[in-house]
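Please look over the two-chain model shown here.

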Amino acid sequence: MMADFSTIGLTMAFSIFIGVGFGYYLDNKVFDGATKPWFTLIFLAFGVAAAFLNLYRVATRKDLKDGH
Amino acid sequence: MEHPILFISVILEALGMPVPHAAPAFGVFWDSHQIFSPHMTYTFLVIAFLIIMPKLTMGKIEMIPGKGQNFWEAIISGMEGFMAENMGKEGARMMFPMLATFAFYILVANMIGLMPGFMSPTSNLNITLACTLIVFCTTHILGFKFHGLNYYKHFLGPVWWLIPLIAPIEIISHMARILSLSIRLFGNIMAKETLLGILFILAGAYFAPLPILCLGVFVSIVQALVFVLLSILYFSASMEHAH
């Protein structure tokens, strides 16, 4: 069980990081700064959402419910 | 930076092999000398150890197992039971060779760095990233194998109007798996190696690294277990039906 919960922190950080990184890439490399803050912000939101979705999945896993 | 003495590198250099002392320059994708770099040579050492060691200890396989065979049978059947609990008998039987290889390889690779003159191959990000990419690709191959083209439904969520929201989130969380799986193993083992090196330099004569050596054994076992357990979870998630 410790193994599962040790992933929470790292996955949360990396989800947000990947979101921001991809948005930054879109803004600065693909659209050359024309859309400057928007893709970064949108993908930041996606990253945060992914982090919380992962948290929710860990919390509602089937095999954790029946008293392990 | 001062290099630790790695005996395979010393031997190879004495034999006149070109042992590289740094990673290739940025943008260079193929450097054949890197095959003699420490993390590669110690990987080969671990592979050789894992091939030779069971051969030596097990002897001939018999109906009534002897000492060595009993030991290996206990480990292997314990591992298979552990996998069957998490991903079902069928899946465990199918994925067992790969996951057991990962378990043994990562365990031995983590532990080997505790000896002076050896280095953990897993304290190099290239090795852990390679392991992780194998797991990542296998996850999706398994998904396509079990669901065919319907596998894409795993990425779309329960209702159609949520698709633009769920799809990027799912893709981001799959990418985060690669990072967290590889960097956790790399970070833990690199920290152990670096800490041991520093303590040896500072107060090696007074057994200062001793507590960290004990912790290193613990960390090595836990990290190998975590890597395999997470791979099992990812595999079983891609095998089951979309929610």
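**Salt bridges, interface and helices**

Q: What makes the pairing of B:R93 and B:E80 a salt bridge?
A: The side chains of B:R93 and B:E80 meet with N and O 3.4 Å apart, and a salt bridge is defined as a side-chain nitrogen of Lys or Arg within 4 Å of a carboxyl oxygen of Asp or Glu, so the pair B:R93 and B:E80 qualifies. This is a predicted model, in which local features need pLDDT of at least 70 and side-chain atom pairs count only at pLDDT 80 or more, while totals for chains, interfaces and linings use all residues. Residues are numbered from 1 along each chain as its sequence is written, chains are lettered from A and ligands numbered from 1 in the order in which they are written, and side-chain values use heavy atoms, with hydrogens and water left out.

Q: Why is B:R93 called exposed, and why does B:E80 count as partly exposed?
A: Buried means under 20% relative accessible area, exposed over 50%, and partly exposed in between (1.4 Å probe, protein chains only). B:R93 has a relative accessible area of 60% and is therefore exposed, whereas B:E80, with 25%, is partly exposed. B:R93 lies in helix α3 of chain B, where helices (H or I, at least four residues) and strands (E, at least two) are DSSP runs numbered from the N terminus. B:R93 and B:S236 are 143 residues apart in sequence, yet their C-alpha atoms are 13 Å apart in space.

Q: How do you know that B:K192 and B:E193 form a salt bridge, and are these residues buried or exposed?
A: The N to O distance between the side chains of B:K192 and B:E193 is 4.0 Å, and the pair counts as a salt bridge. Both residues are buried, because B:K192 has a relative accessible area of 5% and B:E193 one of 17%. Over all chains, the count comes to 3 salt bridges.

Q: Which salt bridge crosses between the chains, and what makes it one?
A: The crossing pair runs from B:E170 in helix α5 of chain B to A:R57 in helix α2 of chain A. The closest N and O atoms of B:E170 and A:R57 are 2.7 Å apart, which puts them inside the distance limit for a salt bridge. At 4% relative accessibility B:E170 counts as buried, while A:R57, at 32%, is partly exposed. Between chain A and chain B the count is 1 salt bridge.

Q: How do you know that chain A and chain B are in contact, and what is the area buried between them?
A: Contact means heavy atoms within 4.5 Å, and by that rule 20 residues of chain A are in contact with 20 residues of chain B. The area buried between chain A and chain B (accessible area, 1.4 Å probe, that two parts lose on being put together, summed over both) is about 1,700 Å², of which carbon and sulfur atoms give 78%. A:F14, A:I18 and A:F46 supply 31% of the area that chain A buries against chain B, more than any other three residues.

Q: What makes the span of helix α4 of chain B close to the expected value?
A: The expected span of a helix is 1.5 Å times one less than its number of residues. Helix α4 of chain B (residues 125-147) has 23 residues and reaches 33 Å from its first C-alpha to its last, so the span is close to the 33 Å expected. Among the buried residues of α4(B) are B:I127, B:C131, B:V135 and B:L142, and the buried residues of this helix pack against α2, α3, α5 and α6 of chain B. Helix α4(B) is followed by B:G148, whose phi is positive, near 65°.

Q: What makes the phi of B:F207 worth a remark, and why is B:F207 called exposed?
A: Most residues other than glycine have a negative phi. B:F207 has a positive phi of about 60° although it is not a glycine, and B:F207 is found in the loop between α5 and α6 of chain B. B:F207 is called exposed because its relative accessible area is 61%.
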